[in-house]
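Here are some notes on the charged pairs, as you asked. Have the model open while you read, and follow the points in order.

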Amino acid sequence: MDYRDLVGTEQADPGEMLREAEEDTLYRKKLLERGPDPDKVYTIEDFRQLPEGFRAELVDGKLFFMESPSTLHQEIVGELYFAVAGFVKSNGGSCRPFIAPYDVYLNGDESRILEPDLIVVCEPDKIREHGCCGAPDWVVEVTSPSTRKRDLGQKLFLYREAGVREYWLINPTNRVVIVYVFELGEDAAFYSFEDEIRGHVFPAFRIRLSDVV
């Protein structure tokens, strides 16, 4: 078959593509700068009308826009994902890790849609084409100055209420990790990047973040 039969005879105008890309970038920038309307009750339709790849969360009618992560943020999330994914692959079982962007329908409905940096889901029936439907077993958030308050406040409450078993908050600035094991009712445990941290969902999992970032 001729390659032209696959791609079609019409060729995209590079100039038009560039203009569309610039307009999309400008729109996303203005949307982030303006932020959501604090007085509006947003719906799942509003959430789905956001530009593809635009990072946002929906909680009880309120939208929260998320800034692009820093390089260090991405390094931490990426290294932790590879460590967890490698552990899962080596040990088998039904658990699967997912990295953002990946929507989590926290209560199994469309009222609370969050986008954690990393999750582990051990119940296969929660994994759907559009994201995770229900509470993950393990959630990791890498905090930033713009997200720290929500990560330590509202989202901590939401994850605990929904049935998340384990929650890690990683602060790259202070090089501190706060670990909550909700299902055991334990108080928060604090670690530095130099400490070896043991998992709860995976008791045999160990990591020292200073070894990878």
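Is Glu 194 buried, partly exposed or exposed? At 44% relative accessibility, Glu 194 counts as partly exposed (buried is under 20% relative accessible area, exposed over 50%, partly exposed in between, with a 1.4 Å probe and protein chains only).

1. A word on the basis. This is a predicted model, where local features need pLDDT of at least 70, side-chain atom pairs count only at pLDDT 80 or more, and totals for chains, interfaces and linings use all residues. Residues are numbered from 1 along each chain as its sequence is written, and side-chain values use heavy atoms, leaving out hydrogens and water.

2. The structure has 16 salt bridges (a side-chain nitrogen of Lys or Arg within 4 Å of a carboxyl oxygen of Asp or Glu). One of them joins Arg 48 and Glu 110, at 3.1 Å from N to O. Arg 48 sits in helix H3 (residues 44–48) and Glu 110 in the loop between strands E4 (104–105) and E5 (112–114), so the pair ties together parts 62 residues apart in sequence. Helices (H or I, at least four residues) and strands (E, at least two) are DSSP runs, numbered from the N terminus. Arg 48 is exposed at 52%, while Glu 110 is partly exposed at 38%.

3. Now to Glu 194 again. Its salt-bridge partner is Arg 175, with the closest N and O atoms 3.5 Å apart. Arg 175 lies in the loop between E10 and E11, and Glu 194 in the loop between E12 and strand E13 (197–198), so this pair links parts 19 residues apart in sequence.

4. Lastly, a network: salt bridges with shared partners join Glu 57, Glu 141, Arg 150, Asp 151 and Lys 155.
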